[in-house]
Structure formats: structure tokens, C-alpha cells
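Please look over the chain below before reading on. The briefing covers its fold, its cores and a few residues of interest.

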Amino acid sequence: AAVAGQEAPIKYLIVNAAEGDPGAFADRVLLESNPFAVIEGALLAAHTVGAHHGFVFVSSAYLLGAEILERALVACRSAGLLGPDILGRDFDFDLTVVRSAGSYICGEETALITALENQPPDPWVRPPYPAERGLWDAPTLVQNVETLAAVPALLNRGADWFAGRGTPSRGGPRLVALTGAVTRPGLVE
């Protein structure tokens, strides 16, 4: 709502795929196994806020995920699902994959923005918030891979279905990476 409410000729969407926490790999699994859900979620979010270009900021550790995502983007462009006049709906949107230099701090949204602007990835004190003045001083929506990948299912199945996938106090599914001294390492929902 904050980005959508901004009166600006240019708005951006950034997909934060730069998770850097030790043992975290949910973004990598989503990029590798379901890139189309991430793309569809980004497209829906961009349409909602009025962004016409987006960037997927991918951790340097996720080379395979970046490659799979780039192939999925080519397929979407070929099908008319990205680019100009998407599905004849007078809406233009495209995504560019940007591979991170690997700095842990790039997982923080303002540091990620400065890195995309080819500056040192230093966070800034808010306000201004990215929704007001983000990438190249334009209103910018920054969302993570898991959130955007959930949007298509949420819209298709509804809020009650989504909330029913969680616990009574925390509705909705959540991906958790299990690593270290555990019996079954891996990603669980």
C-alpha cells in the first residue's frame, strides 16, 4: 500500500534472494524448484504497486538458482508473460537477475538497494523508507522470495486456506531450513 500510494512516474520491485543467515537456504530451493511461482508473485506485486521493472538480487552462493530463474524468465518473455503489453493488458513489466557480490549485509533492504546502485552495500537510517525513496530515489517495493512465491497460491486458494496452513497463532505456511546436528537436515514446511 505504501508503494502503490506514491505518485511517481517510476517505481521498482526488488526480489530479495540474498539470504545470508548461516544454514538458510529456502530461497535457493524456491529459485531452483519453483521459479515460476517467484516470477508470478513478482508480477502480481509489480502490477499492484505500479512498478514496471524489477530486480531479483540473488546471492552469489545460488548460481544454479540464478541460472534456473534466468531460463524461466526467458520462457515467460517468450510466452508474453513478461515484457511490454503483457497479455494485451497494457501493462509492461520485466525482471532482471542481479548476482550479488556475496556480502552478508545485502540481505538488509537498504544495503541491497545501495548495492544495486553500484555503491558500497551500506544500510541507511530510515526515514526515508524504500517505499517512499528507494532504488534511484524512486518508490521501491522490496520483498523476499518466500513471500512472493506464496502470492499465487494465496490468490488462487484464498486467505482461509492460506491461514489454515499454519498454526492458530501464526497463519500461513513457513519454510524452515534444518541444518547442523539434526537427524534429518533439509527444508520443511
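The points below go from the whole chain to single residues.

This is a predicted model: local features need pLDDT of at least 70, side-chain atom pairs count only at pLDDT 80 or more, and totals for chains, interfaces and linings use all residues. Residues are numbered from 1 along each chain as its sequence is written, and side-chain values use heavy atoms, with hydrogens and water left out. The chain has six helices and six strands. Helices (H or I, at least four residues) and strands (E, at least two) are DSSP runs, numbered from the N terminus.

**Overall fold**

- From the N terminus, the elements run β-α-α-β-α-β-α-β-α-α-β-β.
- The radius of gyration is 17 Å, close to the 16 Å that the globule rule gives for 189 residues, so the chain is as compact as a globular protein of that length. That radius is taken over C-alpha atoms, and the globule rule is 2.2 Å times the number of residues to the power 0.38.
- The C-alpha trace spans about 50 × 40 × 35 Å along its principal axes.
- Of contacts between residues at least 6 apart in sequence, 64% join residues at least 24 apart. Contact means heavy atoms within 4.5 Å.

**Surface and charge**

- Buried residues make up 40% of the 189 residues. Buried means under 20% relative accessible area, exposed over 50%, and partly exposed in between (1.4 Å probe, protein chains only).
- The chain exposes about 10300 Å², and carbon and sulfur atoms supply 54% of that area. Accessible areas come from the Shrake-Rupley method with a 1.4 Å probe; for residues, only the protein chains shown count as cover.
- There are 13 positive and 21 negative charges, and their mean positions lie 7 Å apart. Lys and Arg count as positive and Asp and Glu as negative, while His and the chain ends are not counted. Each charge is placed at NZ of Lys, CZ of Arg, CG of Asp or CD of Glu.

**Nonpolar cores**

- In soluble globular proteins, nonpolar side chains tend to be buried together.
- The largest nonpolar core here has 37 residues. Leu13, Val15, Leu31, Ile39, Val58 and Phe93 have the most contacts inside it. A nonpolar core is a set of buried Ala, Val, Leu, Ile, Met, Phe, Trp, Tyr and Cys residues joined through side-chain atoms within 4.5 Å.
- Elements giving two or more residues to this core are S1, H1 (26-33), H2 (35-49), S2, H3 (63-78), S3 and H5 (145-157). H2 gives the most, with eight residues.
- Apart from this core lies another, of 12 residues, among them Ile14, Phe55, Ala115 and Leu135.
- Not counting residues up to four places away in sequence, Ile39 touches Leu69, Ala72, Leu73, Cys76, Leu82 and Leu95.

**Helix H4**

- Seven of the eight residues of H4 (residues 109-116) are buried, so this helix is largely enclosed by the rest of the structure.
- The buried residues are Thr110, Ala111, Leu112, Ile113, Thr114, Ala115 and Leu116.
- They pack against strands S1 (12-17), S2 (53-58), S3 (94-99) and S4 (140-144).
- Just after H4, Asn118 takes a positive phi of about 60°.

**Backbone features in loops**

- A cis peptide bond joins Arg126 and Pro127, with omega about 0°. Another cis peptide bond joins Pro127 and Pro128, with omega about 5°.
- Pro127 is in the loop between H4 and S4, and Pro128 lies in the loop between H4 and S4 too.
- Trp136 lies in the loop between H4 and S4. Its phi is near 50°, a positive value in a residue other than glycine. Trp136 is partly exposed, at 45% relative accessibility.
- Asp85 is in the loop between H3 and S3. Its phi is near 45°, again positive in a residue other than glycine. Asp85 is partly exposed, with a relative accessible area of 42%.

- Leu187 lies in strand S6 (residues 186-188) and is partly exposed at 27% relative accessibility.
- Leaving aside neighbours within four places in sequence, Leu187 contacts Phe25, Ala26, Val29, Leu175, Val176 and Ala177. The C-alpha atoms of Leu187 and Leu175 are 6.6 Å apart.
- Glu19 is in the loop between S1 and H1. Leaving aside neighbours within four places in sequence, its contacts are Ala24, Phe25, Ala26, Asp27, Arg28, Ser59 and Tyr62.
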